[in-house]
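Visitor: I would like to go through the contact between two chains, step by step. Please show me the model.

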Amino acid sequence: MLTLAWTYLKIGMIFFGGGYVLIPLLQHLLVEQYKWLTLREFLDGVAISQLTPGPLAMLATFTGVRIGGFAGGLIATICIFLPCILLMLIVGRYYGRLKEIDLISLTMDYILPAVVGLVASAAWSLGTTLGSIREWITLIAAFCIFRWTKINPMIMILGSAMLGMLV
Amino acid sequence: MQKEPVQKHPKVKLWDIFKLFLKIGTTGFGGGMAIVALTERVVVKEKQWVTAEEFLHGLAFGQILGPFSLNTCTFVGYRLRGVAGGVLAATAFLLPSFLIVSLLAWLYMHFQHLELLKKALAGTNPVVIGLICAVALDMGKKQIKGGAAWLLAILTFSAAALLKLNLAFVLGASVLWAFSAALIKRRHG
């Protein structure tokens, strides 16, 4: 449990760029390093955490529950959100006076290409779980739909789950 | 550093903050910007708890520091009732999602072996990967400008996907790169 808490706290401290960087981070730590989850289970978790109003980081809750039951989920959720809540409280307090803010936001701008690279690498390794031609076609179709429409991911995920049950 | 005086709103009760963000956390399906828009409508336009300008500041910081829907809630809560308000707003916002995901995760663990559920989840897998690809491309189009940015994106991709280097190391190196670039940029205008 301590390892669990520490792992999520670490991730919570370094996630920036809108939350998607969590996918490569969690995948790397939970699947490859600690082997607490398989790639398939991880993918299922991403789908499930998209079904809530909360941020993508709800993935932490899913993986936490999977690893350590309800207590694990609670610890994972608290630890992953604690750093950014604390940071936001500090910002709320001093925000008129943060002189170095331009430096921080410039750094954040410059780091975004790295986030893109990492998110792409997560898609790459998750892609290794796909076997059949049909799955690849679904992937390409889904990609095109997300790319050219503003559809809510939740609807796509629910829809694909239903299609999955039928075929 | 001097502290910015926290705006005092004696009328806004902690209980009201909790109720509002619980509602946003329950009904705000669509995530991210949908949540921010919903929060803005209620907090700025309807209740006039914070000014539009203040809200925008909170959003700007929220975007730098991780999940901005959560950060915006924390910020608004803090401006209203200090630390207690901020923590309460964040908790209330996350609570419904936390319960939903816990329940779904529990169901997942107990019924994972059911053929129907397996099929449903297998159906979602390629869609999730498609979503991640679309996000990567979308972010790439917006954020990658110029040769140095492309180089960084390609380097991090190869390091993580092909060489399987330690991710903490890759990120650490990227932060160092970005920070130096920011310093240089600031010095030379």
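Visitor: Which residues in α6(A) meet α5(B), and which residues in α5(B) do they meet?
Guide: This is a predicted model. On the α5(B) side, the residues are B:P126, B:V127, B:I129, B:G130, B:L131, B:C133, B:A134 and B:L137. The α6(A) residues that meet them are A:E135, A:T138, A:L139, A:A142, A:F143, A:F146 and A:R147.

Visitor: How many nonpolar residues has the contact of α6(A) with α5(B)?
Guide: Take the other classes first. Two residues are polar and two are charged. The nonpolar residues number eleven.

Visitor: Is the crossing of α6(A) and α5(B) left-handed or right-handed?
Guide: Handedness is a separate matter from the angle. As α6(A) passes α5(B), the crossing is right-handed.

Visitor: Which element gives the largest share of the side of chain A that touches chain B?
Guide: The contact takes 86 residues from chain A and 85 residues from chain B. Elements giving two or more residues to the chain A side include α4 (59–94), α5 (101–127) and α6 (133–148). By class, that side has 58 nonpolar, 21 polar and seven charged residues. The largest share, 25 residues, comes from α5(A).

Visitor: How far apart do the C-alpha centres of domain 1 and domain 2 of chain B lie?
Guide: The domain assignment gives domain 1 as 14–110 and domain 2 as 144–187 of chain B. Their C-alpha centres lie apart by 31 Å.

Key. Residues numbered from 1 in each chain as written. Chains lettered and ligands numbered in written order. Predicted model: local features only at pLDDT ≥ 70, side-chain atom pairs only at ≥ 80, totals over all residues. Domains from an automatic or database assignment. Contact = placed C-beta atoms within 7 Å. Helix = DSSP H or I, 4+ residues; strand = E, 2+ residues; numbered from the N terminus. Nonpolar A, V, L, I, M, F, W, Y, C, P; charged D, E, K, R; others polar. Left-handed = near helix turned anticlockwise from the far one by under 90°.
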